Amino acid sequence: MMLSKVTFPNPFGFPKSTKEEIQSLQEKYKFSDEYAIFLLDQNGFNDLVFFDTDYKNYTTNYTDEEPWQMFGCLYGLNSNSDYYDLIEAQTYNIFESIFFKIGTDPGGNEFVEVLQGDKKGWIGCIDHDLYITHDTLDSFIEYWEEETDYENLKQLSSEDLTELLISEDFGMINFHAKSMNEFLENCFIIKDQTILIKDLEVK
């Protein structure tokens, strides 16, 4: 079966926000300039795209290996829906200084931008089963100290904690791109009116 890839920008985001509103959010949450430009140009994306008869005008052919991870949405401002809303998504983010939530898959695992460390700006998906029962970062840390061999996690700097959480050994995140632009360019693959997200091979 022939696969195709979504191209960005496209008209399948939410109503545009102002540059001032986006700059204010960037100052608060410290996300990348590339993500800020995405909000200005596109402001979210969801699989309701397939209800538009013109969606194929915003696709190109794709000939690489078929991805496996399903896509739900990229959050946007002014979405008029809690499920799609960017600000609402941050309300319950116990990793506020580590990950900025930008979207979700159908199972509730969230696509995030890493906010600090060597992989600042990288885009991945975090496994919600590892943290969904915790209301605070302290609760999350205490659990891992009690149930595993990890010790003194509370003494780690925010940057060192970030490096631990995104490490292959911890297994919390699956990376898809090294930047927001790369995420948009490479990762949104269409199969049978389903959008799949391509993995990043991290060497």
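Residues are termed buried when their relative accessible area is under 20%, exposed when it is over 50%, and partly exposed in between (1.4 Å probe, protein chains only). The structure is a predicted model, in which local features need pLDDT of at least 70 and side-chain atom pairs count only at pLDDT 80 or more, whereas totals for chains, interfaces and linings use all residues. Residues are numbered from 1 along each chain as its sequence is written, and side-chain values use heavy atoms, with hydrogens and water left out.

The chain contains six helices and eleven strands, where helices (H or I, at least four residues) and strands (E, at least two) are DSSP runs numbered from the N terminus. Buried residues account for 48% of the 203 residues. The radius of gyration, taken over C-alpha atoms, is compared with a globule rule of 2.2 Å times the number of residues to the power 0.38; for 203 residues a compact globule would have a value near 17 Å, and the 17 Å of the chain agrees with this. Along the principal axes, the C-alpha atoms fill a box of roughly 55 × 40 × 30 Å. With contact defined as heavy atoms within 4.5 Å, residues 24 or more positions apart supply 66% of the contacts with a separation of 6 or more.

Two open sheets are described here, with strands taken to pair if DSSP finds at least two bridges between them. Strand β2 pairs with β5 (residues 73-74) in the antiparallel sense over two bridges, and in β5 the bridge partner of Phe45 is Leu74.

Another open sheet consists of five strands in the order β3-β1-β10-β11-β4, again with antiparallel pairing. Strands β3 (59-62) and β4 stand at its edges, each with a single partner strand, so one side of each has no neighbour in the sheet. Within this sheet, β10 (residues 188-191) and β11 pair in the antiparallel sense over four bridges, with Ile195 of β11 as the bridge partner of Ile190. The hairpin of β10 and β11 has two residues between the strands, and Asp192 there takes a positive phi near 50 degrees. Strand β11 (residues 194-197) also pairs with β4 (residues 69-70), in the antiparallel sense and over two bridges; here Leu196 is the bridge partner of Met70.

A nonpolar core is a set of buried Ala, Val, Leu, Ile, Met, Phe, Trp, Tyr and Cys residues joined through side-chain atoms within 4.5 Å. The largest such core comprises 38 residues, of which Leu74, Phe183 and Phe188 touch the most other members. Helix α2 (residues 33-41) gives the most to this core, with four residues. When residues up to four places away in sequence are not counted, Phe183 touches Leu74, Ile102, Phe111, Ile123, His176, Ala177, Phe188 and Ile197.

In helix α4 (residues 137-147), Phe140, Ile141 and Trp144 are buried. These residues lie on the same side of α4 because they cover an arc of only 95 degrees around the axis, the arc being that of the directions from the helix axis to the C-beta atoms. Glu146 and Glu147, on the other side of α4, are exposed, while the buried residues of the helix pack against α5 (158-165).

His128, in the loop between β8 (123-126) and α4, is buried, with a relative accessible area of 14%. Residues up to four places away in sequence aside, His128 touches Gly107, Gly108 and Asn109. In the loop between β1 (3-6) and α1 (19-29) lies Pro9, and the peptide bond from Phe8 to Pro9 is cis, with omega near -5 degrees. Asn80, in the loop between β5 and α3 (86-91), has a positive phi near 60 degrees and is exposed, with a relative accessible area of 79%. Asn152, located in the loop between α4 and α5, likewise has a positive phi, near 55 degrees, and counts as partly exposed at 48% relative accessibility.
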